[in-house]
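Here is a short tour of one chain and the neighbours it meets. Please keep the model open beside you while you read.

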Amino acid sequence: MCLAIPVQITAIDEQQMATVTLGGVERHISLIMTPEAQVGDYVLVHTGYAIAVLDPDEAQASLEAFATLAAIQEELEPCADEIY
Amino acid sequence: MADQILLAHGSGGVLSHELVRDVFVRYFSNPWLDDLGDAAVLDALPPGRLALTTDSYVVQPLFFPGGDIGKLAVCGTVNDLAVAGARPLYLTAGFILEEGLPLETLERVVASMAETTRAAGVAIVTGDTKVVNHGAADGLFINTAGVGVVPPGVALSPAHLQPGDALLVNGPVGDHGLAVMLQREGMGFASTLQSDVAPLHGLIAALLDAVPGQVRCLRDATRGGLASVLNEWTSQIGIEIEEAAIPVREEVRAACEFLGLDPLYAANEGKVVIAVAQAAADVALATLRAHPLGRDAARIGRVTSEHAGRVVLRTLYGARRIIPMLTGAQLPRIC
Amino acid sequence: MKFIDEFRDPALARKLVAQIHHDAARRAASHPIRLMEFCGGHTHAISRFGLRELLTPAVELRSGPGCPVCVTAAADLDRAIALADAPGVILATFGDMVRVPGSRRQTLQAAAARGADIRIVYSPLDALDIARQQPQREVVFLGVGFETTAPGIAAALLQAETEGTPNFSVLSLHKLTPPAMRAILEAGEVALEGIIGPGHVSAVIGSAAWEFLPREYAIPCAVAGFEPLDILSAIGALVQAVVAGEPAVVNTYARGVRAEGNPVAQQLLARVFEVGPADWRGFGAIANSGLTLRESFAHRDAARLFPVEVASTPEPPGCRCGDVLRGVIAPTGCALFRRVCSPRNPIGPCMVSAEGACAAYFQYERWNVETFERSNVSTGA
C-alpha cells in the first residue's frame, strides 16, 4: 500500500503548508508531520501530507552501494552479464 | 435575450429561433447553415468514398486546460474521419442543454467550436437544440456527426496489418486524460499540463502523401488510451511495444506517480497510432516530425505473428508483460 | 524525477538480479527461497516492472495482507455504503475503495449511480475543504489505510476541531500492520523465509517495529522502498540473510525510514485513535489491530454518529481472497481466478484493488509470454 512519492518543497507558508513540485506538477501539502522540513528539501508525500524528509546522503549511499556491487560483479564475472 | 437557458429554448418557438440566430448561426455562419433548411444539401463532393462518423461529448468539466467540450466535439469527429483516411468536410452539431445553463457558457463553447472549425477547414452545416430539466444534463452535451471523403487509392484497415509492420505515435501520450483529472474537484493540483486536443487531418494527409499505400491503418487513441487502441488491433496478429520507446511528458509521468495511474491507459485527444510498412517507417517518422502536431513522434513497437490477440510490453528490465484492455475508468489511488 | 529515476536504472537492476541468483545458488536446499512481500504496493510494483519473472527460480514471492482495501471486512464496506445512502451525507473516499464489492456485490460505485453523493479525493484535507464549502451537509470521510494513512486522517480531524468545522467526521477502518504479520506467522499455514517490509508504513512506525520478526520468529525482514532497485536490494539482503542463517532487520530504505520512524506522526495517531480489535477480511478478528476514534472525538466518529445495522453475509462461494491475503496460495491457486473472477467481473477484493494480488497477477502476469505460448488458452475476459 501507500503510494508516497518524493517531491521537492518550493515554498512554505505560516500554516505549515508547503508548495511541492514533481515534474512540473504542483500541490499544496501539509508539513505537520515533518516540521523540520525546509524549502529545497525533498519529502515523501502520501495523501497530501509529508511523512518523511528524504535524506539525500542515504540515497547517494544506496546508489553508490549498487554501483559498487555492479563493479565487483564485472571484475569477477566479466562475461556473465545475463541478458533478460 | 435571457441570460440563461430556459426550457422554452428547446421548444421550437420564438426563443428557440432567437437562440439559433443569435448564437449558432452568428458563430458558425456558412452558406448551408445560414439557409436554415431542415437538411443541408451538399454538392460538389470530391471524388472518392463517403465516410460518416458520429460521437457524443459529455466531458466534465466543460472547460479544461488546453480546450473545452466544444473544441473536443469538433476535433474528435474530424479525427475519426481522418483516421479512416478521409478528408473531413462537413459536421452536424446537436446540443442537449441543461435548463439553467448560463448563456455566456454556451457562447464560450460555441465560439470555441467556430474557431476550431475554421482552423480545421470544416463547416458545421446543420444542427439541433434540445433543453432538458435541470439536473438531467451536467451543463451541456454535444453530439457531432461528420462527413468526409476517402480519396481513391486510400484504404486503411486493421485487416491490412502484417507481421513486421512498424507502430508509430505522433507524440507523448496521456496529456488529455491527466490534464482533465488534475483539474477535478478534490484533486487540488496545479500544473501547466494542457489537453492535447487538436485536429489531426493535416498531419495524416501529409503522412498518407509521403508514403502512399504503405500505411496499414490509423486509430486515434482517445478513451482507454494507447493500450486500448493497440488491443483493438490484435486478433489475427500480436503487438509488441517497448516501454522505453513510448513518449510521455514529464508532467504526465509526475501526475501519474501522484495519483497511481498508468499513462498507457490515459486519454488522448490529439494522438494517432499509425501502423506502417517497415520499409516506409523512417520516411513516415520524418514526415510526422516535420509537422507541428508530430514533433515528438516516435516508433513504439511492431506487429508480430507471435502471441496473436495480445499486446505485450517489453519493460525497462527486459521482462515482458501483457497489456490488457482497460476495464472501467482508471481511478486515482493511494495504495 | 529525482529519487525516482535513479532507483529505476535497468543496468543496476540487472546486476542486483544477477547477485540474487548467485547468492541463492550457494544454499544447500534446492527449492526457491520463499519471501513474502507484505505490502500491496510492493505486489503492484513487482508485477508492473516485471521483476517476478527475473527472480524465478531462485526466489518465490508470496503476497501478504498489506492491501488495506483488500482486508476491509465486507460488513464494514456495507456500513460505508449505507452511510453514503443516508440523506444529507457526502461520503468522501480514496479512489481505491470505489469498486470493491461488499456483501451481495454492492459497491460504492453502484451507490453513486443510484444517487449517493460520493466524492473521490486525493487527501483528507480535500474532504475537509468540501465540508467547509457545504456547511449544511455532513462530510463523512471513509478512513481506510494503515499506519501510513491514519496520521493524515488524525491531522485532518484535529484541524477540523481547531478551525471549528463541525460537519466533518470519519468512519475509521484503519488497521495496524505488525499484528497482521504476527497472525500470519502464528497461523503457520505458509513457510516463509523472509519478509519484505512495508517501506512507507515503516517511515511512520520505524524499521525497529519489525525487530520481533528475527527475535521471535527467526525470520529476516528487509524494509524496502518501492522502486525496482529498492525492491531488488531488499530481496538481495534477505537472500544473503537466509543463506547465512542470520535473521535481522535490514533497512534498505534508509533515505526515508529511520529506526524510530516519525515520532510526530506517531503522536498524531495517539492523540486521536486508540487501539482495539478489528475484522480483517480473510482473517477474521485480530486483537489490537484496529484504530478507533477516542472518546474525545466521539462527536466526529461516524460509526457512533450514524450507527447502521449490517447483516453479515458469508464470502461468495469459491472466493479464496482470504487464503491469498494470508499468503497460503498465489492467485493462480484459486479456482475462480480468471475463469470466473476477473477485473471486469470481480468476485472478491483482491481482484478489484489495484494492488490486490489477484489484480496484479491478472493485469501483469496472468500469462507471461512463454506460458501463453505453451498453454494456448483462448481468452476468457
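## Chain C and its contacts

In this predicted model, the contact between chain C and chain B takes 42 residues from chain C and 26 residues from chain B; two residues are in contact if their C-beta atoms, placed from the backbone, lie within 7 Å. On the side of chain C that touches chain B, α1 (10-24), α2 (40-48), α3 (51-55), β4, α16 (357-365) and α17 (369-375) of chain C each supply at least two residues. Helices (H or I, at least four residues) and strands (E, at least two) are DSSP runs, numbered from the N terminus.

Now for the domains. Chain C is assigned domain 1 (5-66 + 182-251), domain 2 (74-176 + 261-305) and domain 3 (321-363), with bounds from an automatic or database domain assignment. Where domain 1 of chain C meets domain 3 of chain C, the contact takes 15 residues from domain 1 and 14 residues from domain 3. Helix α2(C) gives the largest share of the domain 1 side, 5 residues.

Let us turn to a sheet. Four strands of chain C form an open sheet in the order β4-β3-β5-β6, with parallel pairing; two strands pair if DSSP finds at least two bridges between them. Its edge strands are β4 (117-120) and β6 (168-172) of chain C, each pairing on one side only. Strands β3 (residues 89-93) and β5 (residues 138-143) of chain C are joined by 4 bridges, and Leu91(C) stands opposite Val140(C) in β5(C).

Finally, the whole chain. Chain C has 17 helices and 11 strands. Its radius of gyration (taken over C-alpha atoms) is 21 Å, close to the 21 Å that the globule rule (2.2 Å times the number of residues to the power 0.38) gives for 381 residues, so chain C is as compact as a globular protein of that length.

Residues are numbered from 1 along each chain as its sequence is written, while chains are lettered from A and ligands numbered from 1 in the order in which they are written. Local features need pLDDT of at least 70, side-chain atom pairs count only at pLDDT 80 or more, and totals for chains, interfaces and linings use all residues.
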